[in-house]
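Thank you all for making the time this morning. I would like to walk you slowly through one structure, so please have a look at it first.

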Amino acid sequence: MPDGVGKVVGVRVLAAMSGGVDSAVAAARAVEAGHDVTGVHLALARNPQTYRTGARGCCTLEDSRDARRAADVLGIPFYVWDMAERFQADVVDDFVAEYAAGRTPNPCLRCNEKIKFAAVLDRAVALGFDAVVTGHHARLGADGLLRRSVDLAKDQSYVLGVLTREQLSRSMFPLGDSTKPQVRAEATRRGLAVADKPDSHDICFVADGDTRGFLAQRLGAAPGDVVDAATGEVVGRHTGAYAYTVGQRRGLHLDRPAPDGRPRYVLSITPKTNTVTVGPAEALAVSQVQARRPVWTGGPRPAAPVECEVQLRAHGDVVPATVAVTGDGLRAELHQPVRGVAAGQAIVAYRPDPAGDVVLGSATIAA
Amino acid sequence: MAYLDHAATTPMLDVALAAYVDTAREVGNASALHGAGRQARRRVEESRERVAAALGARPAEVIFTGGGTESDNLAVKGIFWARRSADRRRTRVVSSAVEHHAVLDAVDWLAAQEGAEVSSLPVDALGRVTPQRLHAELAAAADQVAVITTMWASNEVGTVQPVAELAAVAAEHGVPLHTDAIQAVGQVVVDFAASGVSALTVTGHKLGGPAGVGALVLARDVAVTPLLHGGGQERDVRSGTLDTAGIVAFAVALETAVRHQQEYAARVTALRDDLVTRVRQAVPEAVLNGDPNDRLPGNAHFSFPGCEGDALLLLLDAQGIACSTGSACSAGVAQPSHVLLAMGADSARARSSLRFTLGHTSTPEEVDALIAALPEAVDRARRAGSLRASR
C-alpha cells in the first residue's frame with residue numbers, strides 16, 4: 001500500500017482533481033485503498049461565464065473535462081467547485097501585491113495554504129468528508145510527518161511545507177512513494193486518458209507564461225533606475241521594478257557593461273525608491289536568512305537552535321543550516337552561502353532521514 | 001435510488017421503447033423511392049399525423065428535428081431571418097427573462113451576429129410574463145418586431161405562462177409568437193391551434209420518448225429560413241435523413257403522454273404536493289419558488305436559505321437522490337439561476353435553490369427517501385455555507 005493512504009480505511013475523502021495525471025492516479029489509489037472517494041475539480045478562473053463562449057479559459061475547460069473523464073473511469077461522483085473568488089483574492093491579488101512590494105511570491109504554495117488545504121478542506125469537512133487527497137509528490141505517513149517524495153525531481157514537499165499539522169492530519173498524498181514515470185505507467189494501466197498529458201510548469205493563471213506582461217498589465221508602467229551596487233551609478237532604466245527577481249540576470253537591458261566585464265545580477269529591489277540594484281554574482285551570496293510566520297510541521301516549536309537542511313526556493317539547492325526561533329520569526333545561519341535568495345519565497349527546513357527527509361517547518365523569507 | 005430529476009430527462013415509456021426497437025430493425029431511408037423507403041416514409045408520416053393530432057395541429061405543421069434545442073434555434077433564428085428578409089425594418093426580437101438557454105443564447109446570438117435588438121420581458125415574483133408587458137412592448141413598434149418567443153412553462157421553477165393571452169396580444173399586432181413547450185407537453189393541456197401561437201417546440205425525452213428527436217410545430221403561414229441545408233427533407237425546412245425509429249418512438253410517447261395527461265397530472269400533482277408539504281415540515285425555512293397554483297404537476301423548486309444548492313446536490317447524490325441545481329456552465333460550475341434572479345431573488349437565494357421534479361415513474365417511496373435525507377443534508381450544507389459567509 002503506498003504511503004499516504006495507509007490511514008483508516010473506509011473514510012470519506014475528497015479528491016482534488018486538476019485534470020492532470022497525478023491527481024487522477026492519486027484518486028484511483030484512494031479508491032483502491034477502500035475509501036469512499038468523491039472527485040472535485042476546482043474552477044479557479046475569475047469569470048466562469050467566459051467558459052460558455054469558449055473565448056477564454058479553454059485550457060481550464062479542457063482540464064475540467066479531463067478530470068471529469070478520469071472520475072468517470074474510476075466510477076466516483078464528480079463535481080466542480082467554484083473557488084474563483086477566493087483564488088483571485090488569496091492567490092492572484094496576493095501575487096501581484098507581493099511583486100509590487102518587491103518580493104517574489106510562490107503562488108502554488110499560497111494556493112495550497114489558502115485554497116486547497118484551507119477553503120476546500122474546510123468545505124469538505126463541513127460537508128462530512130474526513131480528508132482531502134491530492135496528487136502532490138510528497139510522503140505523508142501514519143506518523144503525521146511530511147517527507148520528500150522518492151522522486152526528488154518531482155518532490156513538492158517544499159510547497160506543502162506551509163501546511164500545519166492540523167491540515168496535514170486531514171490530507172492524503174498517495175503518490176509520495178512513486179516516481180513520475182511510475183505514476184504515468186499506472187495511469188496507462190488503469191486506462192486513464194491523461195496518462196501522457198504534459199506536466200504543467202507555468203503559473204496556472206498566467207496562461208501565456210509571460211509573468212512580466214501579466215504584472216505590467218495590472219501594475220502599469222513605473223519607470224525607474226537600475227543602479228550599480230558598488231558605485232551607486234545609474235546603469236540602466238527599467239519600466240517597473242516589480243518585474244524583477246533577486247538573482248535575475250537576463251533581461252536587465254543595461255546601458256553599459258560592468259567595468260570588470262562580468263555579468264551582473266539583480267541584488268535587491270527597493271519599491272520605495274522604485275530602484276533595482278545590480279551587482280556581480282558573488283554579491284548575491286547570502287549566509288543568513290530572516291523569515292516570518294513560521295509553521296512548525298515536524299514537531300513542536302524548537303526551544304533551542306536546530307541543525308538541519310534548508311531549501312530557499314522551489315527546486316532550489318539544499319544547504320545545511322542552523323535554524324533558531326526569534327520572537328515571532330526565525331533566523332537561519334547557512335553553513336554555505338546561497339545565491340538568489342528572494343524575499344517572499346519560503347524557507348523550508350528539513351531533517352535528513354533515510355526514509356525521506358522530514359519537513360520540520362517553513363516560513364516566509366523576509367530578508 | 002430516488003430519481004427526482006424528470007425535468008432533465010424522464011425514462012422512456014415501454015411502448016415507445018418497443019416501437020423504437022421494432023422500427024430500428026427495419027431498413028429504409030424515408031426519402032428513398034423503393035419499397036423499403038416507402039415503408040419508412042409511411043411510418044414517419046403516420047407519426048407526423050399522431051403528433052399533429054395529439055397537439056391540435058395539422059400534419060403539415062409538424063417539422064421533425066433533432067430535439068428541443070434545434071427546434072428553438074430554428075424557430076427563433078429561422079423566423080427572424082425570414083421576416084427580416086421580407087421587411088428590413090423587422091430587426092427586433094421580444095423574449096422573456098426566464099427562457100431556457102436554447103432560446104436565450106439563440107436570441108443573444110442574433111443580437112451579436114445579426115444586429116438584432118432584443119427586448120426581454122420582465123417577470124413577476126412568481127416568474128410570470130404578463131400580457132400587459134407584451135402589449136406595451138408591441139404597442140410602441142410592432143412593425144419592427146420579427147419574432148416573439150416566450151416559453152409555455154418554466155423548466156426551472158415550473159411556472160405555467162398565460163400563453164394563449166400572450167399569443168392573442170401577438171396576433172393583435174400581427175407578430176408571430178414562438179413558445180418553447182418542452183416542459184409542458186404531457187404535463188398540462190397543450191393545443192397548438194387553440195393556443196394561437198405560431199410556432200411551438202416539443203421534444204421526445206421529456207415525455208417518455210428518446211433524446212435527440214423532437215419537433216417544431218409551425219403554422220403554415222409563417223415563413224422560416226432553414227438552419228440546415230441538404231437533401232430538402234421536411235418541406236426543405238430541415239434537411240437530414242429522417243430518424244425513422246426515433247420519430248416513431250417520439251410520436252408514440254407523445255401520443256401516450258397526451259392521452260394520459262389528466263390522470264398523470266392528478267397523480268403527480270398529489271405526490272408533488274405531498275413532497276412540498278413534507279419538505280416544509282422538515283426544513284421550515286425552505287421557500288417554494290414559482291407559482292404555487294399555475295405550475296407544472298411534477299415541479300417542486302425550493303430555496304434553502306444559508307445553503308448552497310451545489311452542496312445540497314452533492315450530499316443528496318451521496319444518498320442516492322438525484323435532483324438539480326439548474327444550469328451549470330460548460331466547465332461544470334453551478335451558476336446562479338437567471339430565472340430566480342429575474343424573479344427578484346438575490347444571488348445568495350438563487351444559489352441556494354434546488355429543483356425536484358417528479359414524473360411517470362415517481363413513487364411515494366422516492367419522496368420518503370428525500371425527506372429522510374434532507375434534514376442532515378441541509379444541516380451540513382449550512383455549515384459549509386457559513387464558511388463562505390463568515391469570510
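Before anything else I need one term: a nonpolar core is a set of buried Ala, Val, Leu, Ile, Met, Phe, Trp, Tyr and Cys residues joined through C-beta atoms within 7 Å. Buried here means that 20 or more other C-beta atoms lie within 10 Å of the residue's own, while exposed means 12 or fewer and partly exposed lies in between, with the C-beta atoms placed from the backbone. What you see is a predicted model, in which local features need pLDDT of at least 70 and side-chain atom pairs count only at pLDDT 80 or more, although totals for chains, interfaces and linings use all residues. Residues are numbered from 1 along each chain as its sequence is written, and chains are lettered from A and ligands numbered from 1 in the order in which they are written.

Now to the cores themselves. The largest nonpolar core has 134 residues, and those touching the most other members are A:Ala15, A:Ala27, A:Ile347 and B:Leu312. Its largest share, 8 residues, is supplied by helix H1 of chain A, residues 21-32, where helices are DSSP runs of H or I with at least four residues, strands are runs of E with at least two, and both are numbered from the N terminus. Apart from this core lies another, of 88 residues, which includes B:Met12 and B:Phe80. As background, nonpolar side chains in soluble globular proteins tend to be buried together.

If we turn to A:Ala15, and leave out residues up to four places away in sequence, the residues it touches include A:Ala27, A:Val40 and A:Val133; contact means that the C-beta atoms, placed from the backbone, lie within 7 Å.

Is A:Asp72 buried or exposed? A:Asp72, which sits in helix H3 (residues 58-74) of chain A, is exposed, because 11 other C-beta atoms lie within 10 Å. Its C-alpha atom is separated by 37 Å from that of A:Val348, 276 residues apart along the chain.

Among contacts in chain B with a separation of 6 or more, 74% join residues 24 or more positions apart.

Key
Two residues are in contact if their C-beta atoms, placed from the backbone, lie within 7 Å.
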